[in-house]
Amino acid sequence: MTKAKPAHKRILLKLSGEALMGDDAFGINRATIERIVGEIAEVTHMGVQVAVVIGGGNIFRGVAGGSVGMDRATADYMGMLATVMNALALADAMNKNGLTARVMSAIAIEQVVEPYVRPKALQYLEEGKVVVFAAGTGNPFFTTDTAAALRGAEIGAELVLKATKVDGVYTADPHKDPSATRYAHITFDEAMSRNLGIMDATAFALCRDQKLPIKVFSIFKPGALKNVVMGGDEGTLVHV
């Protein structure tokens with residue numbers, strides 16, 4: 001019997017900073033990060049090339065209350081530095097788990113992480129290393145969702161995986177409306193007309209223009225990442 005082959009060869013995984021908090025109020029929960037890394041390791045060992053874009057909301061969020069009265073660009077740069085901290089923690093956990101991870105930052109901090117260089121990122125992916133993209137796009141006023149769309153397009157990912165707390169996109173908030181149903185798939189235009197707020201508008205438009213599908217799924221559901229990679233009925237696929 002032949003082993004089932006993954007449906008996707010190269011993916012871009014978008015993790016929010018909040019995903020690393022676990023049940024903590026802020027910061028990085030070690031058990032949570034190790035569990036996420038375990039899921040990533042499972043698909044990497046299947047031969048899938050994985051790149052990760054990480055947010056920084058567990059440490060500092062440019063648009064949040066802590067930045068009230070602060071210059072927006074300054075706050076966004078602080079948010080980028082928070083993503084670098086998360087990327088280092090994620091890469092450290094990956095390296096301890098038998099993976100080889102490389103952090104590439106959109107802003108230059110060469111003593112800490114290497115700068116983002118596209119050919120180098122592609123080389124690392126081809127070599128089976130996990131590439132963690134830090135510091136968003138390197139520009140204020142752009143979210144890490146937009147960074148995920150941009151890097152996904154740049155590296156030729158087949159799919160952008162938006163990891164969330166819920167297992168897909170629903171007709172309504174499943175916590176508030178018990179009759180809410182999950183979309184198995186939905187087009188970009190439908191999602192925009194229904195104002196489903198899957199990603200911010202810039203990221204969404206970029207994925208649509210590049211015909212780069214987005215899969216929304218729960219990173220907290222064991223085995224969900226593997227199921228997505230294998231082409232299973234997991235989460236919600238947003239497509240052209």
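# Close-up views of a predicted model

View 1. In helix 4, the residues Thr-144, Asp-145, Thr-146, Ala-147, Ala-148, Ala-149, Arg-151 and Gly-152 are buried. The model shown in this and the following views is a predicted one. Helix 4 is mostly covered, since eight of its eleven residues are buried. The buried residues of helix 4 pack against strand 1 (10–15), strand 2 (49–54) and strand 5, and also against strand 6 (159–164), helix 2 and helix 6.

**View 2. The packing of helix 1 on helix 2.** Helix 1, which covers residues 30–44, packs against helix 2, which covers residues 72–96, at an angle of about 60 degrees, and the axes of the two helices are 9 Å apart. This arrangement makes helix 1 oblique to helix 2. The crossing in which helix 1 passes helix 2 is right-handed. On the side of helix 1 the contact is made by Arg-30, Ile-33, Val-37 and Ile-40, while helix 2 contributes Ala-89, Leu-90, Asp-92, Ala-93, Met-94 and Lys-96.

**View 3. Ala-91 in helix 2.** Ala-91 lies in helix 2, and at a relative accessibility of 6% Ala-91 counts as buried. When its neighbours within four places in sequence are left aside, Ala-91 is in contact with Ala-101 and Val-103. Ala-91 and Glu-190 are 99 residues apart in sequence, and from C-alpha to C-alpha they are 36 Å apart in space.

View 4. The loop between helix 2 and strand 3 (101–105) holds Gly-98. Gly-98 is exposed, with a relative accessible area of 59%. Gly-98 and Ile-109 are eleven residues apart along the chain, and their C-alpha atoms are separated by 26 Å.

**View 5. The aromatic pair of Tyr-116 and Phe-133.** The count of aromatic pairs in the model comes to two. One of them is formed by Tyr-116 and Phe-133, an edge-to-face pair with 5.4 Å from centre to centre and 85 degrees between the planes. This pair links distant parts of the chain, for Tyr-116 is in the loop between strand 4 (114–115) and helix 3 (118–126), whereas Phe-133 is in strand 5, 17 residues apart. Tyr-116 counts as buried at 17% relative accessibility, and Phe-133 is likewise buried, with a relative accessible area of 2%.

**View 6. The aromatic pair of Phe-188 and Phe-204.** The ring centres of Phe-188 and Phe-204 are 5.0 Å apart and the ring planes stand at 70 degrees, so this pair is edge-to-face. Distant parts of the chain are linked by this pair, with Phe-188 in helix 5 and Phe-204 in helix 6, 16 residues apart. Both Phe-188 and Phe-204 are buried.

**View 7. Phe-141, a residue with a positive phi.** Although Phe-141 is not a glycine, its phi is positive, at about 75 degrees. Phe-141 is found in the loop that lies between strand 5 (130–134) and helix 4 (144–154). With a relative accessible area of 55%, Phe-141 is exposed.

**View 8. Asn-195, a residue with a positive phi.** Asn-195, a residue other than glycine, has a positive phi that is near 55 degrees. The position of Asn-195 is in the loop between helix 5 (188–193) and helix 6 (201–209). Asn-195 is exposed, and its relative accessible area is 69%.

View 9. Ala-224 has its place in helix 7, which covers residues 224–229. Ala-224 is buried, with a relative accessible area of 0%. When neighbours within four places in sequence are left aside, Ala-224 is in contact with Glu-39, Phe-217, Ser-218 and Glu-234. Along the chain Ala-224 and Leu-212 are twelve residues apart, and a distance of 20 Å separates their C-alpha atoms.

Conventions:
Residues numbered from 1 in each chain as written. Predicted model: local features only at pLDDT ≥ 70, side-chain atom pairs only at ≥ 80, totals over all residues. Heavy atoms only, no water. Axes fitted to C-alpha atoms, helices over the stretch in contact; angles between N-to-C directions. Helix = DSSP H or I, 4+ residues; strand = E, 2+ residues; numbered from the N terminus. Parallel < 35°, antiparallel > 145°, perpendicular 65-115°, else oblique. Left-handed = near helix turned anticlockwise from the far one by under 90°. Contact = heavy atoms within 4.5 Å. Buried < 20%, exposed > 50% of the residue type's maximum accessible area, 1.4 Å probe, protein only. Phe/Tyr/Trp six-rings, centres within 6.5 Å; stacked < 30°, edge-to-face > 60°.
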